[in-house]
Amino acid sequence: MANITKKVSWSSRADDSAAAAAAAAAAEETPLLNGSEQRRFSRQHSGRGSLCQIGRLSTVELEEEITEDEEPHRGQTREIPHNEKLLSLKYEGLDYDNIENQLFLEEERRMSHMGFRCLEISRWVVCGLIGVLTGLIACFIDIAVEKLAGFKYGVIKRNIENFTETGGLSISLILWGGFNAAVVMLGSIIVAVFEPIAGGSGIPQIKCYLNGVKIPRVVRLKTLVVKVVGVICSVVGGLAVGKEGPMIHSGAVVAAGVSQGRSTSLKRDFKMFEYFRRDTEKRDFVSAGAAAGVSAAFGAPVGGVLFSLEEGASFWNQMLTWRIFFASMISTFTLNFFLSVYHENPGDLSNPGLINFGRFESESLEYNFYEIPLFIAMGAIGGLLGALFNFLNYWLTIFRIRYIHRPCLQVMEAMLVAAVTATVSFTMIYFSTDCQPLVPESNEEYPLQLFCSDGEYNAMASAFFNTPERSVRSLFHSQPGSYNPLTLGLFTLTYFFLACWTYGLAVSAGVFIPSLLIGAAWGRLCGIMLASISSSSLWADPGKYALIGAAAQLGGIVRMTLSLTVIMVEATGNVTYGLPIMLVLMTAKIVGDFFIEGLYDIHIKLQSVPFLHWEAPATSHWLTARELMSSPVTCLNRIEKVGTIVDTLSNTSTNHNGFPVVVQVHGNDEPGKLCGLILRSQLIVLLKHKVFVELARSRLTQRKLQLKDFRDAYPRFPPIQSIHVSQDERECMMDLTEFMNPTPYTVPQDTSLPRVFKLFRALGLRHLVVVDEENRVVGLVTRKDLARYHMGKHGLEELQLAQT
């Protein structure tokens with residue numbers, strides 16, 4: 001904090017206009033990452049008396065010394081190296097807080113005790129449906145990948161065996177690379193062209209949604225279809241990816257769709273669950289969907305509940321926990337049941353998740369107290385390797401944002417990665433001399449003999465020539481001596497860079513399984529090395545070190561602690577290693593956080609999302625609401641002119657979503673006293689239904705507006721441009737008393753940042769009104785105002801706002 005100066009500026013409106021113009025000019029000169037110029041962002045306000053404009057933006061400027069070399073270049077257009085220091089204005093918050101207006105209170109009074117009981121039952125029914133559908137989607141993905149991958153590896157295996165004897169293995173390489181590139185091309189086209197939000201694992205986007213950020217198109221039906229088809233193509237195409245991460249996104253989309261009782265994409269309304277058509281309920285169900293996705297992916301229902309708790313939901317109570325756990329249990333049971341039917345063994349519920357680590361027997365997993373320091377050391381190695389992975393992927397993602405932002409380039413890159421992955425795999429297998437005897441206990445799915453003797457198989461092929469899930473299981477459970485140390489070392493090195501290059505492509509793909517596979521490889525290598533330097537039988541089973549290495553690597557990359565510990569324990573089916581796994585994950589997180597953030601947090605930051613962490617930045621108590629807030633605020637009178645409301649909503653320079661409603665006391669020039677808050681979406685519905693004072697008087701039979709009208713318009717409220725208001729109607733008046741929230745949360749001007757942050761984060765607010773001692777509106781705090789401040793390398797830093 002020594003080199004940061006605090007400068008609080010509080011000046012007149014004339015100074016504000018000059019500052020705003022200077023800021024707009026500076027913003028106009030700053031290009032964005034993709035090379036396009038940033039649109040000018042400035043707050044413009046009408047000077048009419050019906051709108052009140054209050055104060056000015058009070059900023060805290062974190063100044064840095066400017067050297068003489070930098071001074072001549074200040075006015076020139078310069079390229080921003082990346083958008084980590086930007087905060088995008090395109091993201092809005094979710095309205096998690098209930099709007100307790102007169103309509104809400106009337107509906108609550110009309111509802112009987114039985115009505116409330118039926119609502120609670122409906123919530124349980126929705127959670128059950130979420131679990132069933134998520135489990136069915138996971139089952140479909142698993143069977144599709146198994147069939148298509150089996151066909152692919154069967155064809156290539158026969159081809160390689162034929163050409164090994166006759167010569168011409170280059171044709172096998174072309175076949176392998178061509179098949180991979182073709183399948184990945186299909187998966188990449190549907191993501192890059194039709195639904196870019198379906199790319200990646202989707203976990204960063206769902207983390208943001210649970211955090212209270214409205215990510216466009218993240219829970220659409222189209223996104224789900226592209227996600228499912230895309231992840232099948234990615235895994236079958238041989239990329240270094242897993243199908244488990246995208247299941248979390250898929251579960252969240254299912255939850256968002258089922259809970260609304262309709263599909264806006266298909267334009268079908270089933271007239272079900274209409275009460276749940278609001279952000280408050282929808283976000284809780286999305287928490288259940290994410291948990292069901294984790295449960296289906298890993299067979300870890302408790303881990304799924306803890307994932308939703310650790311990664312997002314602001315409000316948390318016992319009933320919500322129970323419903324989420326219920327959805328998780330139903331999800332893993334559904335997957336289990338249908339996979340048992342598919343494997344022609346109904347009733348055998350031994351496939352609880354997509355990834356099956358296999359059963360770890362207690363005898364093979366025995367460990368002694370003096371091994372715990374070794375496990376902690378492996379956790380530190382996982383943290384270091386995870387930090388390196390994240391660092392490389394960070395700069396690779398910046399390169400993609402700058403140069404590979406066109407769909408055609410994204411598809412070409414994905415095909416290139418698929419072809420390179422096949423080529424590297426083939427080359428490693430071709431030059432490997434690690435031949436192992438083919439015995440019944442080896443459980444090899446596609447054993448390649450290649451240049452090995454009869455009755456032997458190529459050990460490198462069992463790692464590369466397989467789906468990643470089977471490779472992980474092989475590393476966990478293969479007999480001691482099944483892998484050569486050189487084979488494991490080369491595999492770890494190559495797969496590490498392949499997985500790093502793959503994450504962030506325009507394909508649906510997860511990073512869980514590649515991380516586990518890298519960690520299992522170097523963990524097993526550690527076990528073999530320990531066994532070679534000691535004759536003790538304790539080091540005999542390298543499988544337990546493969547498990548610890550997998551946990552360390554995954555923890556070092558994603559930095560989840562509580563939920564990941566439980567997921568790993570549940571997936572292995574043995575609680576014996578609960579303590580070592582927890583210690584390893586804690587160590588990996590501590591070591592990794594020293595260098596760089598977790599992978600998901602990096603991608604959230606690179607998307608410039610206003611993400612709020614659990615706590616306010618340290619050393620921020622000296623900042624108050626006066627410095628945080630946005631001002632001047634566009635306010636509306638309790639009874640407002642329709643033309644004024646239309647002009648306010650149509651103003652493209654101020655896309656505000658919340659407007660304080662005030663009562664003028666002394667005159668138009670004085671700030672009005674706060675009497676409520678109304679949202680843009682509410683105003684649009686009121687304009688659409690022509691809820692004007694004059695029409696209400698003239699039409700006595702006019703139907704009174706109800707909450708159902710607002711829920712029917714949710715979530716895609718029509719834009720203001722689509723609502724026709726005639727010139728005569730512009731002169732009408734609109735009474736907002738019945739529709740505004742009369743009791744919005746407020747804070748005094750001198751409230752510290754941590755107190756504002758805690759109130760905002762814990763209650764899931766979207767707007768927080770700042771008032772003076774006489775309850776007059778002086779500013780408005782939104783999510784972006786709080787997310788601007790974060791701890792950087794040099795102390796507290798402030799991010800720039802931009803229209804990215």
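## Basis of the model

Residues are numbered from 1 along each chain as its sequence is written, and side-chain values use heavy atoms, with hydrogens and water left out. In this predicted model, local features need pLDDT of at least 70 and side-chain atom pairs count only at pLDDT 80 or more, while totals for chains, interfaces and linings use all residues.

## The chain as a whole

The protein chain contains 28 helices and 20 strands. Helices (H or I, at least four residues) and strands (E, at least two) are DSSP runs, numbered from the N terminus. Of its 804 residues, 56% count as buried. Buried means under 20% relative accessible area, exposed means over 50%, and partly exposed lies in between, with a 1.4 Å probe and protein chains only.

The chain exposes about 34,100 Å², and carbon and sulfur atoms supply 59% of that area. Accessible areas come from the Shrake-Rupley method with a 1.4 Å probe; for residues, only the protein chains shown count as cover. Among contacts (heavy atoms within 4.5 Å) with a separation of 6 or more, 79% join residues 24 or more positions apart.

## Helix α18

Helix α18 spans residues 562-572 and is mostly covered, with 8 of its 11 residues buried. The buried residues are Ser563, Leu564, Thr565, Ile567, Met568, Val569, Ala571 and Thr572. They pack against α8 (279-298), α9 (301-311), α16 (512-533), α17 (543-558) and α19 (578-595). Just after α18, Gly573 has a positive phi of about 70°.

## A nonpolar surface patch

Val132, Leu133, Leu136, Phe333, Phe337, Phe338, Val341 and Leu349 form a nonpolar patch on the surface, with about 620 Å² of accessible area together. Patches are made of residues with over 30% relative accessible area and no salt bridge; like charges are joined within 9 Å, and nonpolar side chains (Val, Leu, Ile, Met, Phe, Trp, Tyr) within 5 Å. A salt bridge is a side-chain nitrogen of Lys or Arg within 4 Å of a carboxyl oxygen of Asp or Glu.

Helices α3 (113-166) and α10 (318-342) each supply at least two residues of the patch. The largest share, 4 residues, comes from α10. Leu133 lies in α3 and counts as partly exposed because its relative accessibility is 35%.

## Asn180 in helix α4

Asn180 is located in helix α4, residues 169-194. Asn180 counts as buried because its relative accessible area is 1%. The side chain of Asn180 reaches the backbone oxygen of Gly237 at 3.0 Å. Leaving aside residues up to four places away in sequence, Asn180 touches Lys152, Val236, Gly237, Gly238, Ala418 and Ala422.

An open sheet of 3 strands runs in the order β10-β12-β13, with mixed pairing. Its edge strands, β10 (636-637) and β13 (673-679), each pair on one side only. Two strands pair if DSSP finds at least two bridges between them. Strands β10 and β12 (residues 658-663) pair in the parallel sense over 2 bridges, and Leu636 stands opposite Val661 in β12.

Cys675 lies in β13 and counts as buried because its relative accessibility is 13%. Not counting residues up to four places away in sequence, Cys675 touches Arg638, Val661, Val662, Val663, Met740 and Pro742. The C-alpha atoms of Cys675 and Val777 are separated by 9.7 Å, although these residues are 102 residues apart along the chain.

Conventions. A polar contact is a pair of N or O atoms within 3.5 Å; within protein, one must be able to donate a hydrogen and the other to accept it, and residues adjacent in sequence count only if both atoms are side-chain atoms.
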